[in-house]
Amino acid sequence: MNFSKFIAVLLLLGIASAAFAQKKTLPDVTVQELSGKKVAIQDYAENGKITVLSFWATWCVPCKKELDNIAEYYEEWQEDYNMELVAISVDNARSITKIKSVVDSKGWEYDILSDKNGDLKLALNFQAVPYTMVLDQDGNIVYRHDGYVEGDEFELEKILEKLSAK
């Protein structure tokens with residue numbers, strides 16, 4: 001390999017690693033609480049807790065199953081791992097009115113946010129829900145998972161356990 005090709009490869013590797021490094025934190029995007037109040041998603045990365053971001057939709061059966069199953073352990077996880085879960089709906093403007101009734105009927109104790117315009121989903125570059133991310137205590141994205149099958153909540157707990165041991 002000649003010297004100019006070697007330099008080109010090094011530059012490409014540097015650019016690629018910089019791009020991946022940038023993806024390890026949350027983007028500067030605003031979402032909404034159900035009340036309509038705007039919230040910077042980065043606020044959740046700066047709270048010193050392990051934070052689980054669970055993207056879901058009212059029409060998504062696996063999403064609701066995942067959040068239901070996590071709800072069984074949520075209080076215990078909060079105590080054991082100093083964590084919180086934020087359920088972020090990707091419902092659009094047509095179906096956003098259904099969010100509150102679904103949450104109320106389920107009795108979820110999570111912070112519920114709405115990404116009705118899809119800005120956060122686009123910035124994080126994922127396509128489908130359910131989609132789960134875990135932030136460590138410093139706000140770094142340390143885990144991503146798409147889809148849900150029964151028992152995935154136990155894998156999530158292993159991640160929480162490892163992070164809380166830091």
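The legends below describe several close-up views of one predicted protein model.

In this predicted model, local features are given where pLDDT is at least 70 and side-chain atom pairs where pLDDT is 80 or more, whereas totals for chains, interfaces and linings use all residues. Residues are numbered from 1 along each chain as its sequence is written, and side-chain values use heavy atoms, with hydrogens and water left out.

**View 1. Overall arrangement of the protein.**
The protein has six helices and seven strands, where helices (H or I, at least four residues) and strands (E, at least two) are DSSP runs numbered from the N terminus. Read from the N terminus, the order of the elements is α-β-β-α-β-α-β-α-β-α-β-β-α. Of the 166 residues, 42% count as buried; buried means under 20% relative accessible area, exposed over 50%, and partly exposed in between, with a 1.4 Å probe and protein chains only. Among contacts with a separation of 6 or more, 71% are between residues 24 or more positions apart, a contact being heavy atoms within 4.5 Å. The protein exposes about 9500 Å², of which carbon and sulfur atoms supply 53%, with areas taken from the Shrake-Rupley method with a 1.4 Å probe.

**View 2. The largest nonpolar core.**
The largest nonpolar core holds 47 residues, and those with the most contacts inside it are Ile41, Phe55 and Trp56. Helix H3 (residues 61-81) supplies the largest share of this core, six residues. Such a core is a set of buried Ala, Val, Leu, Ile, Met, Phe, Trp, Tyr and Cys residues joined through side-chain atoms within 4.5 Å. In soluble globular proteins, nonpolar side chains tend to be buried together.

**View 3. The disulfide of cysteine 60 and cysteine 63.**
One disulfide is counted, under the rule that the two cysteine sulfur atoms lie within 2.5 Å. The disulfide joins cysteine 60 to cysteine 63 with an S to S distance of 2.2 Å, and the link is right-handed, with 80° about the S-S bond. Both cysteine 60 and cysteine 63 are buried.

Two salt bridges are counted, each requiring a side-chain nitrogen of Lys or Arg within 4 Å of a carboxyl oxygen of Asp or Glu. In one of them, the side chains of aspartate 68 and lysine 106 meet at 2.9 Å, N to O. This pair links distant parts of the chain, with aspartate 68 in helix H3 and lysine 106 in helix H4 (residues 99-106), 38 residues apart. Aspartate 68 is partly exposed at 23% relative accessible area, and lysine 106 is also partly exposed, at 34%. Lysine 100 and aspartate 104 also meet in a salt bridge, at 2.9 Å, N to O; because they are four residues apart in helix H4, about one helical turn separates them.

Lysine 64, in helix H3, is buried yet has no salt bridge, and the nearest side chain of opposite charge, aspartate 68, is 8.0 Å away. For this comparison Lys and Arg count as positive and Asp and Glu as negative, while His and the chain ends are not counted. Leaving aside neighbours within four places in sequence, lysine 64 is in contact with Trp56, Ala57, Thr58, Val102, Lys106 and Trp108. Aspartate 152, in helix H6 (residues 152-164), is likewise buried without a salt bridge, the nearest side chain of opposite charge being lysine 158, 10 Å away. With neighbours within four places again left aside, aspartate 152 is in contact with His145 and Gly147.

**View 4. Surroundings of lysine 65.**
Lysine 65 is found in helix H3 and counts as partly exposed at 38% relative accessibility. Beyond its neighbours within four places in sequence, lysine 65 is in contact with Tyr148 and Glu150. The C-alpha atoms of lysine 65 and glutamate 150 are separated by 8.3 Å, although the two residues are 85 residues apart along the chain.

**View 5. Backbone features in loops.**
Valine 129 and proline 130 are joined by a cis peptide bond with omega about 0°, and proline 130 lies in the loop between helix H5 (119-124) and strand S6 (131-135). Asparagine 125, in the loop between H5 and S6, has a positive phi of about 60° although it is not a glycine. Most residues other than glycine have a negative phi, and most peptide bonds are trans.
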